[in-house]
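I opened the model to look up strand pairing and salt bridges. My entries follow the display.

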Amino acid sequence: MDRMHPCRSLILSTLLSLVGVASARGQNALANPEFNSNILSWEDSEQWIASWTTADANSCEHSGAYVSTAIENPFFTRGGPLPSVAGLISSGCMDVTPGETVFEEVAAKSQRTFGLYVTSYPLPGCQGAETFPLQTIFAASPNWHFVEISSVVGAGVASVKFRATASDANGSGFVALWDRAYLGKRARVFADDFEGGSTCRWVEPDHVVERRDEDEREVR
């Protein structure tokens, strides 16, 4: 009977353990979160022009990112100019139960400050009137910025959707890039996207990773 070499046995058991952990945690509810070849499965908007670029957040050769170019807003109100917006909104939806914790993550390179938040709905399948909670605001950055938030599902909420938006108070045009989007009921285990099966990202680059809880009490 052939016996496996101890080193091979250890490697195999380690890989199986990692796969088990990944399957138990970090299940992404979003379709096309890495924008490997297109920007399908994400909503269109009249506020920005959406396009695809090869400028991947991890410089992966066979992947890309979502580009939202804010359309200049020439309109004014009595209170001043209307803001211009560039964002990222998922077409997909995740059903939830009150009391569950929802995790959201994205890599962003935005010329303006941006907000990351979970849009809530009273019915499954993201049906009914949308509720927009307070955004968690992150600073503009010329480099990729990896950010993450978590929030507890409130009473009367049956489903949620991913949403990130950057804005310019004066209505000027600007550009925001998005990549590595995540929405799930558990925190993503591997920041290098082991669960996503992308070997290009198994080694995390030297980027800022900022995490905040729902009350913004913790910033790492």
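I looked up Ser68 and found its bridge partner in E12, Ala176. The model is predicted: local features need pLDDT of at least 70, side-chain atom pairs count only at pLDDT 80 or more, and totals for chains, interfaces and linings use all residues. Numbering runs from 1 along each chain as its sequence is written, and side-chain values use heavy atoms, with hydrogens and water left out.

Strands (E, at least two residues) and helices (H or I, at least four) are DSSP runs numbered from the N terminus. Pairing requires at least two DSSP bridges between two strands. I read 4 bridges between E2 (residues 65-70) and E12, running antiparallel. E7 (residues 101-110) also pairs with E12 in the antiparallel sense, over 7 bridges. There, Ala107 stands opposite Asp179 of E12.

Next I checked cover. In E12 (residues 175-184), 9 of 10 residues are buried (under 20% relative accessible area; exposed is over 50%, partly exposed in between; 1.4 Å probe, protein chains only).

Then I listed salt bridges (a side-chain nitrogen of Lys or Arg within 4 Å of a carboxyl oxygen of Asp or Glu). The structure holds 5. One of them joins Glu34 to Arg180, with the closest N and O atoms 3.8 Å apart. Glu34 sits in the loop between H1 (6-24) and E1 (48-53) and Arg180 in E12, so the pair ties together parts 146 residues apart in sequence. Glu34 is buried at 8%; Arg180 is buried at 1%.

I also noted Lys185 with Glu100, at 3.6 Å, N to O. Lys185 is partly exposed at 34%, and Glu100 is partly exposed at 25%.
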